[in-house]
Amino acid sequence: MAPPLAAPRFHAAPPRGLLLRPRKPLPTWRRAARPDDQDLYVDDDIGDGFSFSGGKYAEAEGPSKSDEWFAQGRMVKAHALYGNKEKAKDPFFGLTMGSGSQSSGDVFNWFCVEAGSSSNPTVLLIHGFPSQAYSYRNVLPVLSDKYRSIAFDWLGFGFSDKPQPKYGFDYTLDEYTSALESLIDAVAPDKLSIVVQGYFAPIVVKYAKEHQDKLNHLILVNPPSYRLITGYLIL
């Protein structure tokens, strides 16, 4: 007869605060760019490093990180609303939604932050999904010596307008591509380079295919699918 199996022994997990990962040394270029910026370090228990509504900055003392960032940027009007421009209503109860879910006018407002001289070559920094221009806060000063660098919030993100679907903007691939074209025409009428991260890469690739003469360079950071991206380039 086989010996009886021993019951497994379980141990309570130690408090989360004791499971801290050692911090890796920062690369030299990051230390040189922002030597005193504690935002370079992000621990598991304090948020993602670029959210304002919770996590790292929810209970921070002193000036609001959100207000400080907003003060560095400006609103740029680009891409007209479609349709009759009605007030957005709740799809369940038909009640008019709050101002944060309404478009600000006949043309959308985009939040943009710019660094560097206007005489330098332009590079447009495009955040991923879900994120906002704030994720490039440490990149902007690094590029500003040699480039005119611009980061913006997509429609529906950050400080840009957040229209509800069917009320001026439906968040489709074609609409996003057309909206990007309008924004680029507003902030960079001449040739530029584009850096895009993550799931917004297909939109930028579609734009690039249609406006190859507008681009100096196109850099894709962690795009969702190599086959998807190359498919857009071939079609």
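**Close-up views of a predicted model**

**View A. From its side chain, Lys 214 reaches the backbone oxygen of Pro 189 at 2.7 Å.** The model is predicted, with local features needing pLDDT of at least 70 and side-chain atom pairs counting only at pLDDT 80 or more, while totals for chains, interfaces and linings use all residues. Residues are numbered from 1 along each chain as its sequence is written, and side-chain values use heavy atoms, with hydrogens and water left out. Lys 214 belongs to the loop between α5 (201-210) and β6 (215-221), helices (H or I, at least four residues) and strands (E, at least two) being DSSP runs numbered from the N terminus.

**View B. Lys 214 is buried and yet has no salt bridge.** Buried means under 20% relative accessible area, exposed over 50%, and partly exposed in between (1.4 Å probe, protein chains only), and a salt bridge needs a side-chain nitrogen of Lys or Arg within 4 Å of a carboxyl oxygen of Asp or Glu. The nearest side chain of opposite charge belongs to Asp 185, 4.3 Å away, with Lys and Arg counted as positive, Asp and Glu as negative, and His and the chain ends not counted. Beyond neighbours within four places in sequence, the contacts of Lys 214 (heavy atoms within 4.5 Å) include Ile 184, Asp 185, Leu 192 and Tyr 207. Tyr 207 is itself one of the buried residues of α5, a helix in which 8 of the 10 residues are buried.

**View C. The largest nonpolar core has 31 residues.** Such a core is a set of buried Ala, Val, Leu, Ile, Met, Phe, Trp, Tyr and Cys residues joined through side-chain atoms within 4.5 Å. Trp 110, Leu 124, Ile 126, Phe 152, Trp 154, Leu 180 and Ile 194 touch the most other members. Two or more residues each come from β1 (74-80), β2 (107-115), β3 (122-126), β4 (148-152), α4, β5 (192-197) and α5, and the largest share, 6 residues, is that of α4. Apart from this core lies another, of 12 residues, including Phe 111 and Ala 133.

**View D. Strand β2 is joined by bridges to β1 and to β4.** Two strands pair if DSSP finds at least two bridges between them; 5 bridges join β1 to β2, which run antiparallel, and 4 join β2 to β4, also antiparallel. Met 75 stands opposite Phe 111 in β2, whereas Ala 115 stands opposite Ser 149 in β4. Because 7 of its 9 residues are buried, β2 is largely enclosed by the rest of the structure.

**View E. His 79 has a positive phi of about 75° although it is not a glycine.** His 79 lies in strand β1 and is buried, its relative accessible area being 16%. Asn 222, likewise not a glycine, has a positive phi of about 55°; Asn 222 sits in the loop between β6 and α6 (226-234) and is exposed, with a relative accessible area of 57%.

Technical notes
A polar contact is a pair of N or O atoms within 3.5 Å; within protein, one must be able to donate a hydrogen and the other to accept it, and residues adjacent in sequence count only if both atoms are side-chain atoms.
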